[in-house]
Amino acid sequence: MRATAVTCLIESAAVDHRKRFIPEEFTPLYHTPAYRVLSEEQRLRYNQLHAIYFSEQIIFFETAIGRPILEALLRGSLPLELSKSLHRFLHEERQHTEMFRQLNQQCAPQFYRAGHFYFIQPARAWMAALSWATEHPRLFPMFFWLMLLQEERSLFYSRRVIAQREELEPHFVKTHRTHLADEVGHVRWDEELIETLWHRANPVLRRVNAQLFDWMLREFFSAPKRAQLRVVHELTREFPALSALEPEMQRQLLALSLARSYQRSLYSREIAPRTFARFDESPEFRSLKLIGYCRAAEAR
């Protein structure tokens, strides 16, 4: 089923708020002691709020990183077949953005009267820097690695959603099934970008970009931070009895940055096997500090 068809289904049927939206293990609070204190009703709502935030993540990644990079590349000179692939890639990313936007709108229209984001509120200075960097993907080819890692991780997440489809809300299952079908091709095209543009880049540029990639992962794509604290704040707003527990829940969320088991639930060879295999082959990532990654030669 294509993204446009799923969008029509989302618009025509009510969301079942009696069910979880995503597997519990995908929500960070699940990995903390505070989660055991919550009632079943509170756990369910937290799951739904985090799933809505997770959809925002996908929308943000595709609109702020993926699409600008593809558009910048297509304005330049590329091999003909790669150019054709990237045109299709861009078209599918636009469909995905609309699909997840409609999903969030259907789940929580009260959050999205003014825009596509409720939990994600990036600083203007950061967005300006990101916008400039994504306009220059040949200068910042680290983004090809970020796209590959995040999209391979999306494959893993979508497969888990489908595996638990009987327990989860049908709109989310359909959406992730469609996302899975397209992301397989996106991972292949991400690898082609690495082969075509990363490996041909200046070695010094590759080393600098590998360090930037390492920093960006740790700062924005690993530990729970700003937006996920807002998810907990929204939970306590909807359940005022939890207000006294909010500071402790936030403290435990922030502590997950040092929890190796939680970090491995985000990135591992099981979750991103092709990305990790390419890290192994690339000397620039020899010092990568991503928790969950250990070079294959060192692991043996």
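Let me start with the largest pocket, which holds about 800 Å³ of space, and let me say at once that what we are looking at is a predicted model. The lining of this pocket is made up of 40 residues, and those closest to the pocket's centre are Tyr 53, Gln 57, Ile 120, Phe 220 and Phe 221.

Helix 2 (40–74), helix 4 (124–134), helix 5 (142–163), helix 6 (170–198), helix 7 (203–220), helix 8 (226–238) and helix 10 (260–266) each give at least two residues to the lining of the largest pocket. Which helix supplies the largest share of that lining? That is helix 2, from which 9 of the lining residues come.

Now let me step back to the chain as a whole. The protein chain has 12 helices and 0 strands, so that reading from the N terminus on, the order of elements is α-α-α-α-α-α-α-α-α-α-α-α. The radius of gyration of the protein chain is 19 Å, close to the 19 Å that the globule rule gives for 300 residues, and the chain is therefore as compact as a globular protein of that length. Taken along the principal axes, the box that the C-alpha atoms fill is roughly 55 × 45 × 40 Å.

How much of the chain is buried? Of the 300 residues in the protein chain, 54% are buried. The accessible surface of the chain comes to about 13,800 Å², and carbon and sulfur atoms account for 54% of that surface. If we turn to contacts in the chain with a separation of 6 or more, 77% of them are between residues 24 or more positions apart.

Is Met 216 buried or exposed? Its relative accessibility is 5%, and because buried means under 20%, Met 216 counts as buried. Leaving aside residues up to four places away in sequence, Met 216 touches Trp 126, Met 142, Phe 143, Leu 146 and Phe 221, and Phe 221 is also among the residues closest to the centre of the largest pocket. Lys 19, by contrast, lies 197 residues from Met 216 along the chain, and the C-alpha atoms of these two residues are separated by 34 Å.

Terms used. Residues numbered from 1 in each chain as written. Predicted model: local features only at pLDDT ≥ 70, side-chain atom pairs only at ≥ 80, totals over all residues. Heavy atoms only, no water. 1 Å grid on protein atoms, 1.4 Å probe; cavity = no way out; pocket = protein on both sides within 12 Å on 5 of 7 lines; lining within 4 Å. Points joined across faces, edges and corners; volume = space filled by probe spheres on them. Helix = DSSP H or I, 4+ residues; strand = E, 2+ residues; numbered from the N terminus. Rg over C-alpha atoms; globule rule 2.2 N^0.38 Å. Buried < 20%, exposed > 50% of the residue type's maximum accessible area, 1.4 Å probe, protein only. Contact = heavy atoms within 4.5 Å. Areas by Shrake-Rupley, 256 points an atom, 1.4 Å probe, with all protein chains shown as cover.
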